[in-house]
Amino acid sequence: MFFETGAESLADGFAESLGCAEACRRRGLEGLLAVPAIHLCVGVAMSQMYAEIVGEAQQGQVRHAHRNDGYDLWHATLGSTAEVFVTFDQRLADHLERIPNLAGFRVVRSMAELLRLTR
């Protein structure tokens, strides 16, 4: 629900920063979110915001922004070209796994898990 209510607005903000928001609005922001790189970047950003505003049950309190959060957005965008995203970063994996509608995209948290996929 959190993703659905804010994803288009955040995608619009990203497009605005690049000077192409009006063209994206004319074509439809839902189409912009259908692009895997945008979907993952927006999804991780929204998951980060959720963790900072609402918090997560396992951490017991809200999470504070971290200077590496921007790199998580970058890694998610780059990883969108693959079917399997391998990361040992627990926080990034959690953010990625919260994104809805990740058809054909898996998050793997270890090399052992990756090897099990290939069997």
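These questions and answers look at a predicted model. Residues are numbered from 1 along each chain as its sequence is written, and side-chain values use heavy atoms, with hydrogens and water left out. Local features need pLDDT of at least 70, side-chain atom pairs count only at pLDDT 80 or more, and totals for chains, interfaces and linings use all residues.

User: Which residues of helix H5 are buried?
Analyst: Buried means under 20% relative accessible area, with a 1.4 Å probe and protein chains only. Helices are DSSP runs (H or I, at least four residues), numbered from the N terminus. H5 spans residues 69-79, and its buried residues are Asp 69, Asp 72, Leu 73, Ala 76 and Gly 79.

User: Against which elements do the buried residues of H5 pack?
Analyst: Contact means heavy atoms within 4.5 Å. Strands are DSSP runs too (E, at least two residues). The partners are helix H4 (36-53), S1 and helix H6 (90-98).

User: Is Leu 117 buried, partly exposed or exposed?
Analyst: Leu 117 lies in helix H7. Partly exposed is the range between buried and exposed, where exposed means over 50%. With a relative accessible area of 31%, Leu 117 is partly exposed.

User: How far apart in space are Thr 118 and Met 49?
Analyst: Thr 118 is in the segment after H7. Thr 118 and Met 49 are 69 residues apart in sequence. From C-alpha to C-alpha, their distance in space is 34 Å.
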